[in-house]
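Student: Could you take me through one part of this model up close? I'd like to hear about a pair of packed helices, with the cut-offs spelled out.

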Amino acid sequence: MSTLSIGAHVEQADPVAEARARDTTLVQFFLGDPQGWKGPKVAFGGGAEALRTAATAAGVELYVHAPYIVNVATTNNRIRIPSRKLLQQHMDAAAEIGAKGLIVHGGHVNKDDDPAKGFDNWRKAVEATDIKIPLLIENTAGGDNAMARHLDRIAGVWDALSAAEGAEQVGFCLDTCHAWAGGIDLGTAVDKVRGITGRIDLVHANDSRDTFDSGADRHANFGVGKLPPDEFAGLVRQADAPVICETPGGAAEHRDDFAWLRARL
C-alpha cells in the first residue's frame with residue numbers, strides 16, 4: 001500500500017507543474033469549463049501534443065474529468081444529445097493528451113421516468129461513443145433519480161452495458177464522499193461494487209462535510225469530515241486502485257491529505 005499511486009485534482013493550465021508541486025505522478029483535471037457546453041480546450045502551453053510529451057517525460061499520469069453537465073441517461077433530448085456530443089469531444093481530447101481515463105458522472109432521469117430508460121440510454125451512449133481510452137463512470141452523491149447513487153441503479157446500468165459494443169472499455173470510479181452521502185456503507189462498498197461491475201479502476205478519495213446518506217456532495221480534507229477514518233482508509237486499501245483526492249486547498253493541503261492517507265494504509 002505504501003506504493004499506491006495517490007494524486008489530486010488540479011488546475012488545468014499546467015498539470016505537470018501541479019503534480020511536481022504535490023510530489024506526485026498522478027493528476028486529474030478538466031479540459032475546459034466543467035459547467036459549460038463548449039467543447040474541450042487544452043490550456044497547456046503548446047497544446048495537446050506538448051502536454052502529452054511533457055507528462056511522459058515527467059512520468060506523470062493524467063486523468064480527465066468530463067464536465068458535470070454531461071447526462072447521457074436523461075430522456076430529455078435537449079440534454080442527452082448534446083451530452084453525447086460533449087462526451088465524445090472530451091474522449092477525443094483526453095486520448096490526444098495521453099490520458100489514462102475519462103471520468104463521467106452517472107447522470108439521472110426525470111422524476112416520472114422509468115429508470116430502465118436511463119439504463120438503456122447509457123447502453124446507447126456507449127455504443128455511440130468511439131471509446132479510445134477507458135471511460136470511467138463515477139458514483140454520485142444525491143438525487144432519487146440518479147443512475148449511480150444507489151447500488152441497485154449501478155447494477156441496472158451495468159446490466160444494460162453488458163449488451164453494449166465497447167462495454168469492455170467502460171470502468172468504474174468509486175468516490176468515497178459520494179458513497180457515504182449516497183447511503184453506501186463504506187465497509188462493504190468495494191465488495192459490492194466489484195460484485196456489480198467486476199472492477200474498480202480509480203478511487204476519488206474525499207472526506208465528507210455531511211452525514212451518512214445526506215445526499216450532499218460537499219468534500220472535506222481528510223480527517224476533518226464525517227467519514228470514519230478506519231473505514232475510509234479500509235475502502236482505499238481494498239480497492240487497490242489509483243487514488244485521486246478532490247479535496248479543498250492547493251498543493252500544501254493535498255500533500256497533507258496524501259500523508260494522512262498513507263499513514264493509515
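**Helices H7 and H8**

Tutor: Helix H7 (residues 186–197) and helix H8 (residues 229–239) pack at an angle of about 25 degrees, and their axes are 7 Å apart. Here the helices are DSSP runs of H or I with at least four residues, numbered from the N terminus; axes are lines fitted to C-alpha atoms over the stretch in contact, and angles run from 0 to 180 degrees between N-to-C directions. This is a predicted model, where local features need pLDDT of at least 70, side-chain atom pairs count only at pLDDT 80 or more, and totals for chains, interfaces and linings use all residues. Residues are numbered from 1 along each chain as its sequence is written, and side-chain values use heavy atoms, with hydrogens and water left out.

So H7 is roughly parallel to H8, a label for angles under 35 degrees. The crossing of the two is right-handed, meaning the near helix is turned clockwise from the far one by less than a right angle.

Who touches whom? On the H7 side, Leu186, Gly187, Ala189, Val190, Asp191 and Arg194 meet Glu231, Phe232, Leu235, Gln238 and Ala239 of H8, with contact meaning heavy atoms within 4.5 Å. Sorted by class, the H7–H8 contact has six nonpolar, two polar and three charged residues. Ala, Val, Leu, Ile, Met, Phe, Trp, Tyr, Cys and Pro count as nonpolar, Asp, Glu, Lys and Arg as charged, and the others, Gly among them, as polar.

Key:
Angles under 35 degrees count as roughly parallel, over 145 as roughly antiparallel, 65 to 115 as roughly perpendicular and the rest as oblique.
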